[in-house]
Amino acid sequence: PTWGEQVGAVILPADPAAPPSARDLFDHCRATLAPFKTPKRWYRVEEFPLTPSGKIQKFVLKDRIASGELRPEGAPS
């Protein structure tokens, strides 16, 4: 809140039929990351937007989140 941004993560589940829950993702990250580095919001995609060289276009993901095209999964309580 102080800086106007929050940590979020965009994921592409290995098994779309059985994606991990937001709680599972949060617990996994919390076990290995500092609290301020642990994502608070999770966004799932079917594919990442890529450059011609195969790098993820992070600015496209950020724009999709800002526009509401990507909606966060349920946040753990």
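**View 1. β1, helix α1 and β2 form a right-handed β-α-β unit.** Right-handed here means that, with the strands pointing away from the viewer, the path from the first strand over the helix to the second runs clockwise. The unit consists of β1 (residues 8–11), α1 (residues 22–32) and β2 (residues 41–44). Helices (H or I, at least four residues) and strands (E, at least two) are DSSP runs, numbered from the N terminus. Please keep in mind that this is a predicted model, in which local features need pLDDT of at least 70 and side-chain atom pairs count only at pLDDT 80 or more, while totals for chains, interfaces and linings use all residues. Residues are numbered from 1 along each chain as its sequence is written, and side-chain values use heavy atoms, with hydrogens and water left out.

**View 2. Strands β1 and β2 run parallel.** Four bridges join the two strands; DSSP must find at least two for strands to count as paired. Look for Ala-9, which sits opposite Trp-42 of β2. Ala-9 and Ile-11 lie on the covered face of β1, with Gly-8 and Val-10 on the uncovered one. Beyond its neighbours within four places in sequence, Ala-9 is in contact (heavy atoms within 4.5 Å) with Pro-39, Arg-41, Trp-42 and Tyr-43.

**View 3. Helix α1 has a buried side and an exposed one.** An α-helix has 3.6 residues a turn, so residues three or four places apart point the same way. The buried residues pack against β1 and β2, whereas His-28, Ala-31 and Thr-32 are exposed on the other side.

**View 4. Seven residues make up the largest nonpolar core.** They are Ala-9, Ile-11, Ala-22, Leu-25, Phe-26, Cys-29 and Trp-42. Such a core is a set of buried Ala, Val, Leu, Ile, Met, Phe, Trp, Tyr and Cys residues joined through side-chain atoms within 4.5 Å. Helix α1 supplies the largest share, four residues.

**View 5. Thr-38 lies in the loop between α1 and β2.** This residue is buried, at a relative accessible area of 1%. Setting aside neighbours within four places in sequence, Thr-38 is in contact with Val-7, Phe-26, Cys-29, Arg-30 and Leu-33. Its side chain also reaches the backbone oxygen of Ala-34 at 3.1 Å.

Key
Buried < 20%, exposed > 50% of the residue type's maximum accessible area, 1.4 Å probe, protein only. Polar contact = N/O pair within 3.5 Å; in protein donor to acceptor, adjacent residues only side chain to side chain.
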